[in-house]
Amino acid sequence: MNLLEVKDLHTRFHTRAGVVRAVNGVSFTLEKGETVAFVGESGSGKSVMALSLVRLLPPRTGEIASGHVFFKGKDLLALTEDEIRRVRGRQIAMVFQDPMTSLNPVLTIGRQLTEGMQMHLGYDGRRSRQRAVELLEQVGIPAPHKRLDDYPHQLSGGMRQRVMIAMALSCEPSLILADEITTALDATIQAQILDLLTSLSKSDQTSYIMITHDLGIVARMTQRVNVMYAGRIVEAAKTPDLFANPHMPYTWGLLASIPRLDEETKEQLTPIEGAPPDLSSEIAGCPFAPRCRYARAICSRVAPSLLEVAPDHLAACWGTQEVEGGGWLRGHDWRADQQTPVQIQSPTNA
């Protein structure tokens, strides 16, 4: 049985400008001990998807419109508030993207680290404080005994992020949602944290959902990748397969926009032209069509389904599916296109 199974998740935000459809029908699974990545541009719905899993949306504006989130066989969306509180921190922990606003400024680091252990594990003050010191040492914070009595403003951004990681690890959860956890860390500490998470995944069978823009972390840490765009998963595959043989033009764009250290070239990186769509408006057809150089007439009329285009490899693209007259991008050498200027075609082109 899968540790986590998400089925057709839809999340909306009610704003003055209208209803923003931030997550549109996301479905995926996660096995015990597995690390899965979610990648995509800012605004693609990655963080909102993770917050939806543990029901941490703003109470007045955020809404999970439909779907199911099965964790260890139980639907988290059907739990009461008291029941979901017992899941958060103890069974599912989250490392938030911004450590500046995630820590309480009026409580010491020690108080914030020990609170979860006392609540979920029943530790007394002495035992929880001792465990807190061990955790801070694990994540590379010097003089951890002294840091317990510090306040968040006394720490650098990188150290605050390490405290957040320590808090996530404190109750030994089965699943950790890691949202850009290495953004504020220097290269040395980043490597230490990734090594720590890898060792925990192997020894304790901890599962991770890694939300990141760093495809190097994806290649190093994860077994599978889900590519998100406009609140949807547009490609999903095993990590080596996604890097070696991507099928979705949006994925091609992401891979083409990162530098290659294994090749000597003076060519400029190829950006993805245009901007993401407005999620407060209905989108007809493929949401990536206005930015896709390969778009044809069907792309602007009908949204492609996420279908298997290779063994254990899904993509939502008419150009790679042998349906509705599609399949024109099968076997296409997208890397060769990066040597020529981007010419975005109109989706109305036949």
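Okay, let's start with contacts: if you take those in the chain between residues at least 6 apart in sequence, 65% of them join residues at least 24 apart. Before I go on, keep in mind that this is a predicted model.

So, the overall picture. We've got 13 helices and 12 strands in the chain. The C-alpha atoms fill a box of roughly 70 × 50 × 40 Å along the principal axes. As for burial, 48% of the 350 residues count as buried. The accessible surface comes to about 17,100 Å², and carbon and sulfur atoms own 50% of that.

Now, salt bridges. How many does a search of the whole structure find? The search turns up 12. Let me walk you through a few.

Take Arg21 and Glu282, whose side chains meet at 3.2 Å, N to O. Arg21 is in strand E2, residues 18–30, while Glu282 is in the loop between helix H11 (249–256) and helix H12 (297–301), so this pair ties together parts that are 261 residues apart in sequence. Arg21 is partly exposed, at 23% relative accessible area. Glu282, on the other hand, is exposed, at 66%.

Next up, Arg224 and Glu34. Their closest N and O atoms are 2.7 Å apart in the salt bridge. Again the pair links distant parts of the chain: Arg224 is in strand E9 (residues 224–229), Glu34 is in the loop between E2 and strand E3 (35–39), and they're 190 residues apart. Buried or exposed, these two? Both Arg224 and Glu34 are buried.

Then there's Glu41 with Arg291, a salt bridge at 2.9 Å, N to O. Glu41 belongs to the loop between E3 and helix H1 (46–53), and Arg291 to the loop between H11 and H12, so here the pair ties together parts 250 residues apart in sequence. Why does Arg291 count as buried? Because its relative accessibility is 6%, and the cut-off for buried is under 20%.

Last one, and this time we're looking at a network: Arg131, Glu134 and Glu172 are linked by salt bridges.

Note on methods:
Residues are numbered from 1 along each chain as its sequence is written. This is a predicted model: local features need pLDDT of at least 70, side-chain atom pairs count only at pLDDT 80 or more; totals for chains, interfaces and linings use all residues. Side-chain values use heavy atoms; hydrogens and water are left out. A salt bridge is a side-chain nitrogen of Lys or Arg within 4 Å of a carboxyl oxygen of Asp or Glu. Helices (H or I, at least four residues) and strands (E, at least two) are DSSP runs, numbered from the N terminus. Buried means under 20% relative accessible area, exposed over 50%, partly exposed in between (1.4 Å probe, protein chains only). Contact means heavy atoms within 4.5 Å. Accessible areas come from the Shrake-Rupley method with a 1.4 Å probe; for residues, only the protein chains shown count as cover.
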